[in-house]
2 protein chains.
Amino acid sequence: MRLSRYLPILDWGRRYDRDALSNDMIAAVIVTIMLIPQSLAYALLAGLPPEAGIYASIAPILLYALFGTSNALAVGPVAVVSLLTASAVGQVAEAGTAGYVAAALTLALLSGGFLLLMGVFKLGFFANFLSHPVIAGFITASGILIATSQVRHILGIEGQGHTLPEMLGSLWANLGDTHLATLVIGVAATGFLFWVRRGLKPALRGLGVPNRAADIATKAGPVLAVVATTFAVWALGLADRGVAIVGAVPQSLPPLTMPDLSPALLRDLAVPAILISIIGFVESVSVAQTLAAKRRQRIQPDQELIGLGAANIGAAFTGGYPVTGGFARSVVNFDAGAATPAAGAFTAIGLAIAALALTPLVFFLPKATLAATIIVAVLSLVDLSILRRTWAYSPRDFAAVATTIVLTLGLGVEIGVASGVLLSIALHLYNTAKPHVAEVGRVPGTQHFRNINRHNVETDARVVTLRIDESLYFVNARFLEDLIQDRVVADESVRDVILMFSAVNTVDYSALESLEAINETLMALGIGLHLSEVKGPVMDRLKATHFLAELNGEVFLSQHDAWDALTRRQPPRAAQ
Amino acid sequence: MRLSRYLPILDWGRRYDRDALSNDMIAAVIVTIMLIPQSLAYALLAGLPPEAGIYASIAPILLYALFGTSNALAVGPVAVVSLLTASAVGQVAEAGTAGYVAAALTLALLSGGFLLLMGVFKLGFFANFLSHPVIAGFITASGILIATSQVRHILGIEGQGHTLPEMLGSLWANLGDTHLATLVIGVAATGFLFWVRRGLKPALRGLGVPNRAADIATKAGPVLAVVATTFAVWALGLADRGVAIVGAVPQSLPPLTMPDLSPALLRDLAVPAILISIIGFVESVSVAQTLAAKRRQRIQPDQELIGLGAANIGAAFTGGYPVTGGFARSVVNFDAGAATPAAGAFTAIGLAIAALALTPLVFFLPKATLAATIIVAVLSLVDLSILRRTWAYSPRDFAAVATTIVLTLGLGVEIGVASGVLLSIALHLYNTAKPHVAEVGRVPGTQHFRNINRHNVETDARVVTLRIDESLYFVNARFLEDLIQDRVVADESVRDVILMFSAVNTVDYSALESLEAINETLMALGIGLHLSEVKGPVMDRLKATHFLAELNGEVFLSQHDAWDALTRRQPPRAAQ
């Protein structure tokens, strides 16, 4: 029992049969074909040699297959994490150096260790601090940054920068160096891939190809672009005319590598590693959850942390860089029929064969083609409609999205996402700091109580009922004191105040002291303080204090009971 | 109208009469007598020359009288703010230098400017982020730090440090230098003042003195100690034998001073100034509110910010240092009958006279006596029972108090209070991240629905009702998705899910997307999703989206309606 909790393979492995095997093998072949160009491209995006992308797809997939809980998740390099890697490692090492490669390994190790710790201590909920609008804004801004960062490969010029203004400035400065042959290849590949995405599937469907097959053929588009442009570069000798190519890629299985563990590097990369872990986890777990639900299956988020942690640690020791579960490849895996994590293991074998046998074939592959595959892939991440949708829904969510997008583009990925998270928390706290409180009266002839400003209800000048629509805690405790003073202290006719607690889910110690202060203030004025509809857990807490003993009034089970008891007291008199 | 909002004096000034005048004058005389030794002592605590304490009590009081809204609040140097000043200024200048004095003026200016800004933009609620337990812990730890910092004056030795270990280490190292005559004076003064506080009032009451008069006489104890020890030092020539004395204090009205405005200093003092502003404001406003409520009066917290801001800016330009409304002096002012802020103005006049005429008299005042008055005053702030009380109430509040106390003592005031605030926020978010959700069923024969685990209720395997006891927002949005998957996805008998929203006060965009995801998941499984008891403001938000149109089910006004409609459907079938 206990071991299979941490090693889900013991569970599904026992039930593995021939059907599952054939489904998994078919899915693995399709995903492998898709992953070869994608892995090379994302390594380029991360500023690493192309083989790092292949290596990052082998050991991590195998380790995830051992520890992960999703049957369809495909783990490996993804666009956003590659961008984050480039941003983090670029700050501590020069791209193209051995130090850069070693720092990427360190980043994967730190990230894996952090994920593993979160998993062991079941801290997956920390990922929830990334709100949906912040994630959406961040992904959109990242897509724009990634696409912009690849434009230089299409133009065949130099370029740098980690923010949009830096990138655009650098592109503008070097625009005069544009390399014509590279530009032709880049634009042709980009145009072709956009057509594959938008036009090929309808065309295939028109020819009578089944939907699923048409989908999968579409995913093979990048392979076709790679083959065609590689052949063109080789046949026309374009490499000698200045078209940047991938060049020699070692023909080997993933090497055993050792991350750089110098304390200064670990310190510099710690915060980016945490950020990469959390963003990678959020992306991965939402894909895994969506796919699992379609088959009425469940994933365990805390075990997913362990699976992803193991995958990243694996990447650190086998020449990779930070990885996570990717959206596009997982959907392909799922659609191709992957039944268990074994599909991932077969994909790893496919990629290992590619690393051994196919790498010489990509020697003449132009970098512009890889850039085109990245641009086409990430532009589908860009969705500025989140701005419109949150604007329509609430200014608070809009502020979080807009801040995240603007700061990610303008100041970089780390500052952007951190600001979005902090702003979300601050706005949430601000919102609960001035909670909605309604003065309610009885709807005539019923036991229902409604806002006196919205409904035609019975009231009694001697009895004021305030319904508090928020949990009471330190941020809003003082607000309640102010509110009651405002409403009651100046109104001489008030004899009793009822606080209706139906929406109060917790009362913390600060709020308890505020309630005590309110009770004292009202007692000094001869006004009774009563509570109604207090929830079980809140009542349990209050019973452990002196508050109920000192309360200058009663606790009523329902608001109806409270109203009945207090308005029937004749003649009006001060509470005892 | 508008002007008197910002200048409350226009309001109470018009109604000022002879009765108020005589009440205010009497209160002013009593408070002035109390303030003379206290002002000198707190200046010593802040590391400033004694006259700074007097100056800080003159212009600030006058400015508060113009802009403040409390009739009883007495503004001036207070213990905790003096400690914070010593800690902040000690980091940028050497005690006893002109730079130290100028930096204290800068701190007062920054602090005043910050308070004024908060007041103008009505941001007083920011103070609510200091929870009651954090404040209680901070005040207690500050009291211990302050008392410890004064022990060296009682012993007549050198000493330094801003944390408890530093102070104790320094005291221990210099213990051999203890000065006997100073020790005798210090211990005698401390013992006398403790007796005044604990024993004098009962003794006077026993002699038939009225309660209020006995109270006020008790407050005059420090003056007696000052007079007696000053006389002893002068008569016995102890100053020549090494007893540290106050020495020459300039005989003048507050001078016009200019704070040091160098950018580096402003930057270094900005964060401490914010901290001092907020802590000072919280202390001041809670005193003012308590006293106002006793007379059925109200204060305006945002206008209080303006009053305190003006007072601090005044302090900056008249040789003072950061000030706020003090607890002890305000209570004395209130008990002595202060009727309007004019009492404060008269106190300022009294102190101005003292600054002109009485300062030569304190030449021989031993610093040990001032240290004794500080120790006796601040030990009343130390209340470790907050640890026990929060422990009994909730572990979360206990953690906040304990962290604040331990870190304030061990690492200093800024780190202590900042950690307390951050921990409180983190624990609150953690708490709402896994909200209480109850599966409810109908109490037989009623329209009430209760937790199926706590009550004997009717249930229906086809209809699951989940009552969500928390607002839905990004931190807990994913939790709800998990929860519904856990409960529903694996249970084949479920045909309808009702989410009971009676305690859901807000639904943010993240939660909306989670609800949409839940709806899609359940729809794919042929399960209906229904809402009941949705509040008005939440419903308004939802109506602005497509969610209600896409909902695979209905929104019911009451849980009773929902239950009735869904359980009566015969035979069991998938929701449409």
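I take helices (H or I, at least four residues) as DSSP runs numbered from the N terminus, and the expected span of a helix as 1.5 Å times one less than its number of residues. The model is predicted, so I note that local features need pLDDT of at least 70 and side-chain atom pairs count only at pLDDT 80 or more, while totals for chains, interfaces and linings use all residues. Residues are numbered from 1 along each chain as its sequence is written, chains are lettered from A in the order in which they are written, and side-chain values use heavy atoms, with hydrogens and water left out.

**Helix α10 of chain A.** I looked up residues 180-206 and found a helix of 27 residues that reaches 36 Å from its first C-alpha to its last, close to the 39 Å expected. At A:Gly199, shortly before A:Pro202, I find a kink of about 45 degrees (the angle between axes fitted to the seven residues ending there and the seven starting there). Among the buried residues of this helix are A:Ile185, A:Leu193 and A:Leu200 (under 20% relative accessible area, 1.4 Å probe, protein chains only), and their cover includes α8, α11, α12 and α17 of chain A. After the helix comes A:Gly208, with a positive phi near 90 degrees.

**The two chains.** I laid chain A on chain B by a turn of 180 degrees and a shift of 0.0 Å along the axis, with an RMSD of 0.1 Å (least squares on the C-alpha atoms of residues with pLDDT of at least 70 in both); that is the relation of a two-fold axis. In chain A, the C-alpha of A:Ala503 is nearest the axis, at 2.2 Å.

How values were computed: Helices (H or I, at least four residues) and strands (E, at least two) are DSSP runs, numbered from the N terminus. Buried means under 20% relative accessible area, exposed over 50%, partly exposed in between (1.4 Å probe, protein chains only). Contact means heavy atoms within 4.5 Å.
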